[in-house]
Amino acid sequence: GYDLMVLRLTNEAIPGPKPVLFIMTATHAREYTPPELAARFAEHLVANYGVDADVTWILDYHEIHLLFMTNPDGRKKAETGLSWRKNTNQNYCGTTSNSRGADLNRNFQFEWGCCNGSSTYPCDGTYRGPYAASEPETQAVQDYVFSIFPDQREDPITATAPITATGIFLDIHSYSRLVLWSWGFTSTPAPNHTQLQTLGRRFAYFNSYAPGPAYGLYATDGTTDDFAYGELGVAAYTFELGNAFFEPCANFEATIYPDNLEALLYAAKVV
Ligand code: 0X9
Ligand code: ZN
């Protein structure tokens, strides 16, 4: 399959360490809006360095890491016109089936398969894979996230990340106009629920999406956001952009891009 590539933006003339904003998009192949938003965000930062005071400060004193194509093999399938969600692993559901693959947003190791939030059937859209972090994409993202963020939360499920915690993790999907945070696997509020809610509501102020804990949508386990918050105590969110997988360009230009640009710039400032 294709490699995963990260674009890292910062002013390297100013030494670190610097707080990190990590954004991953296109975990689900057919979700076209998120990687376009991330690319526009990168273009905005680069074009406005030395022009806009906020952007200049963001790039001088922060690192922005953008994984545009979390699922590049699936994306190639989607670009043929198929409504492809999962990766393209030929070991699950038949080597040539268009229902094959594992759902990368059910394959992460934290509370993997714990809570009826994923499927054990390889042809299902939410197939979790045969074991935690079985997929190469998952392994690459987990390794990368472990490499860029410090561990800021103890192992007990009730442990809190401290007020000094740094970093923001965003997994951007489409669609439904939501800002979600942990937990996804249980209705029990996350240890840092109040803090996650406060920051999530700020993002929602900018993009006018509905904020709330992920479990309120439906139960999920092995997701990216629970991994980042659960393993490391990083403030982790899932955005669901817009109203369709194949979003009309007019809506993207008029609403999705400008509103979410403000949310991402805010994230970069408070990281
Ligand atoms: O089911 C998903 O993976 C996400 N919806 S999507 O339509 N993009 O597939 C929602 C995940 C919500 N739960 C967590 N973020 N934990
Ligand atoms: Zn998705």
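Me: Where is Arg30 placed?

Reply: Arg30 sits in the loop between strand S2 (20–25) and helix H1 (33–48); helices (H or I, at least four residues) and strands (E, at least two) are DSSP runs, numbered from the N terminus. Keep in mind that this is a predicted model, where local features need pLDDT of at least 70 and side-chain atom pairs count only at pLDDT 80 or more. Residues are numbered from 1 along each chain as its sequence is written, and side-chain values use heavy atoms, with hydrogens and water left out.

Me: Then what does Arg30 touch?

Reply: Contact means heavy atoms within 4.5 Å. Leaving out residues up to four places away in sequence, Arg30 touches Ala78, Ser83, Trp84, Arg85 and Phe245.

Me: Now S3: how many of its residues are buried?

Reply: Five of five, across residues 63–67. Glu63, His65 and Leu67 point one way, Ile64 and Leu66 the other.

Me: And which strands does S3 pair with, in what sense?

Reply: Two strands pair if DSSP finds at least two bridges between them. S1 (residues 6–9) pairs with S3 antiparallel over four bridges, and Leu7 stands opposite Leu66. S2 runs parallel to S3, joined by five bridges, with Met24 opposite Leu67.

Definitions and conventions
Chains lettered and ligands numbered in written order. Buried < 20%, exposed > 50% of the residue type's maximum accessible area, 1.4 Å probe, protein only.
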